[in-house]
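Hi,

Here is the structure I promised to pass on. Have a look, and my notes follow below.

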Amino acid sequence: MAAPPIQSLVLSFEDARRVVEDHASRLSSRTTETAPLLHAAGRVLAESITADRDIPPFPRSTRDGYAVRAADLAKLPASLKVIGEIKAGPQHLPSTLNPGQAFAIMTGAPVPQGADAVVMVEYTSSQKADSVEIKKSVEPGENIVAQGAEAKHGNLLLDRGTRLNQAAIALAASVGRSRLQVFVRPQIAVLTTGDEIVEVDAEIGPTQIRNSNGYSLSVQIQQAGGEPVLLPIAPDEPRRLRQLIEEGLQSDLLIMTGGVSMGRYDLVEQVLSELQAEFFFTGAKIQPGRPVVFGRISSCGAGVPARPGAQAPPQHKYFFGLPGNPVSTMVTFELFARPVLEALAGASPSQLTFLHARLKSEIRVKPGLTRFLPAILSGQCEDSQVELVPWQGSGDIAAQARSNCYIVVPPDREHIAAGDWTAVTFLT
Ligand code: AMP
Ligand code: MG
């Protein structure tokens, strides 16, 4: 079938992001597997985790001190009879506390019945071994976490779709889960294009460029919950490029780099069009990364069977054509490819987040593009400062490696003065 003409469709950053999020919201993962707890770190939870008992399972002292009845401290100093000591994990639950009595108690220990507060050890002075003088009153409930205050038996703790970070793993451990159901990682094909691109350890000619994008993308794909499938480097030649694109379409998602600009040898869109691709955008008004392409190909249209091990084939295979300049590749992956990948990984959608910091030196740009410029955020707690990393444009990986964030310049701004608050994002 002849390739339909490619309509240029350049969207604003917000519109392009919305298109991606909209498609991502209709994707999901169905394939799950069981993973030992530590292997589940970084994976996406495929079940919901509930509390196997009240948390905490008993009223817990948050301090070292004395378990008391707050009413006993109405008059100060108060002298109370110490009737025992409760440390964390006692063999038996402590007996009941009666008026005029106190228990010495340690952090994490169960507060006895009858006690309604814990006085910190700093506010006491022990005169005799079996009595304590207390110099400060307490409110009922002070220094105690009530049984079930953090969660009641059966409450939902972690929802399906949660990315399992250290806190989530700790929570699963705390409710006795040594194995978790997680989603199988989607396979993400990475296709690097360009006649000048060679593999990292190949002997290199003076005008050749080593493939760095395949590596940055593989790292980003893993961080986003996918499993990279690296294809051979595609030359700027339509037949071989088409073969490799077809191979890439066997995975759950195809991410290409290079060959999406307006040059004579930028053939990616042409070949995708021959495969009857549907394009959602062929550019976004951003810098870096303007020529970014997003679309899909119906699986039958491309005539490609699913790669063994790939998840149940959806009707469409999505693809991204990311610009080849290394900074553009990294930025456009985060801005556009990540939401689709995360959805295929079964994860609940994550939002882009922004914070504000004072600009150290002014920025002047031409208006019209949303810019994500590599920058360094520094400063103290109440005085965060940010400045652009000097760079030679979107090919400058060294500058990006020196940066730790991006300054976001909205499309209507030409100038941001030194000292102004400016938006910053981390893009992961
Ligand atoms: P392109 O998007 O194909 O026009 O490429 C833009 C620039 O990115 C060119 O300078 C390419 O040499 C460079 N480039 C493309 N692909 C890669 C890659 N995989 N690794 C490093 N640089 C690349
Ligand atoms: Mg190229």
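Helices are DSSP runs (H or I, at least four residues), numbered from the N terminus.

This is a predicted model, with local features needing pLDDT of at least 70 and side-chain atom pairs pLDDT 80 or more, while totals for chains, interfaces and linings use all residues. Residues are numbered from 1 along each chain, chains are lettered from A and ligands numbered from 1 in the order written, and side-chain values use heavy atoms, without hydrogens and water.

Now the helices. The crossing of α3 and α7 is right-handed. Among the α3 residues in contact (heavy atoms within 4.5 Å) are Leu217 and Ile221, and the α7 side includes Met330 and Phe333. That contact divides into six nonpolar, five polar and two charged residues.

Helix α1 (residues 13–24) also packs on α7, at about 10 degrees with the axes 8 Å apart. That makes α1 roughly parallel to α7 (angles under 35 degrees, taken between N-to-C directions). Phe13, Ala16, Arg17, Val20 and Ala24 are the α1 residues there.

A backbone N or O atom of Gly324 is 2.9 Å from an oxygen atom of ligand 1, and one of Asn213 is 3.3 Å from a nitrogen atom of ligand 1.

Cheers

Key:
A crossing is left-handed if the near helix is turned anticlockwise from the far one by less than a right angle, and right-handed if clockwise. Helices (H or I, at least four residues) and strands (E, at least two) are DSSP runs, numbered from the N terminus. Ala, Val, Leu, Ile, Met, Phe, Trp, Tyr, Cys and Pro count as nonpolar, Asp, Glu, Lys and Arg as charged, and the others, Gly among them, as polar. A polar contact is a pair of N or O atoms within 3.5 Å; within protein, one must be able to donate a hydrogen and the other to accept it, and residues adjacent in sequence count only if both atoms are side-chain atoms. Axes are lines fitted to C-alpha atoms, for helices over the stretch in contact, and angles run from 0 to 180 degrees between N-to-C directions. Angles under 35 degrees count as roughly parallel, over 145 as roughly antiparallel, 65 to 115 as roughly perpendicular and the rest as oblique.
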